[in-house]
Amino acid sequence: TAMAGHLGAVQVAAHASAFSLATLAFMCVPVAISIATGIRVASLLGAGSASGARACAMAAVLWGTCAAGLLGVALWVGRSMVGWLFTGASGGALVELVESIA
């Protein structure tokens with residue numbers, strides 16, 4: 001934020017759009033998987049099934065890795081639409097800058 005004063009309005013808006021998208025991507029899949037995994041592992045450990053808890057944790061790592069990879073590919077493929085999604089405008093400096101960041 002200290003550097004934002006030296007940037008132009010378009011650059012700050014592009015950075016905010018990219019940051020919002022990164023936050024959304026992180027909150028949707030990885031956090032949901034980690035919360036569900038924590039509950040499931042705790043339940044299995046409480047039931048005395050350490051091997052089940054281990055298997056659940058490994059499955060969650062696999063699912064999280066696959067989900068993050070698919071989300072990354074989707075963002076890379078749809079990077080030309082990211083600026084449009086945040087601004088509703090087609091073309092323009094902001095849309096092009098967001099596309100170059102994303």
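This is a predicted model: local features need pLDDT of at least 70, side-chain atom pairs count only at pLDDT 80 or more; totals for chains, interfaces and linings use all residues.
Student: What share of the residues counts as buried?

Tutor: Buried here means under 20% relative accessible area. The protein exposes about 6,900 Å², of which carbon and sulfur atoms supply 73%. Of the 102 residues, the share that counts as buried is 18%.

Student: What part of the contacts with a separation of 6 or more comes from residues 24 or more positions apart?

Tutor: A contact requires heavy atoms within 4.5 Å. Among the contacts in the protein with a separation of 6 or more, residues 24 or more positions apart account for 50%.

Student: How far apart are the end C-alpha atoms of helix 2?

Tutor: Helix 2 runs over residues 30–46, which is 17 residues. The expected span uses 1.5 Å times one less than the number of residues. That gives 24 Å, and the model agrees, since the end C-alpha atoms are 24 Å apart.

Student: Which residues of helix 2 are buried, and where do they lie around its axis?

Tutor: The buried residues are T37, V41 and L44. Viewed down the axis of helix 2, the buried residues fall within an arc of 60°, so they line one face of the helix. In an α-helix there are 3.6 residues a turn, so residues three or four places apart point the same way. What covers the buried residues of helix 2 includes helix 3 (50–77).

Student: Which exposed residues are on the face of helix 2 turned away from its buried side?

Tutor: Exposed means over 50% relative accessible area. Helix 2 is followed by G48, with a positive phi near 85°. The face turned away from the buried side of helix 2 carries the exposed residues I35, I39 and G46.

Student: Is A25 buried or exposed, and which residues is A25 in contact with beyond its neighbours within four places in sequence?

Tutor: A25 lies in helix 1 (residues 9–28). Its relative accessibility is 15%, so A25 counts as buried. Leaving aside neighbours within four places in sequence, the contacts of A25 are P30, L71 and L75.

How values were computed: Residues are numbered from 1 along each chain as its sequence is written. Side-chain values use heavy atoms; hydrogens and water are left out. Buried means under 20% relative accessible area, exposed over 50%, partly exposed in between (1.4 Å probe, protein chains only). Accessible areas come from the Shrake-Rupley method with a 1.4 Å probe; for residues, only the protein chains shown count as cover. Helices (H or I, at least four residues) and strands (E, at least two) are DSSP runs, numbered from the N terminus. The arc is that of the directions from the helix axis to the C-beta atoms.
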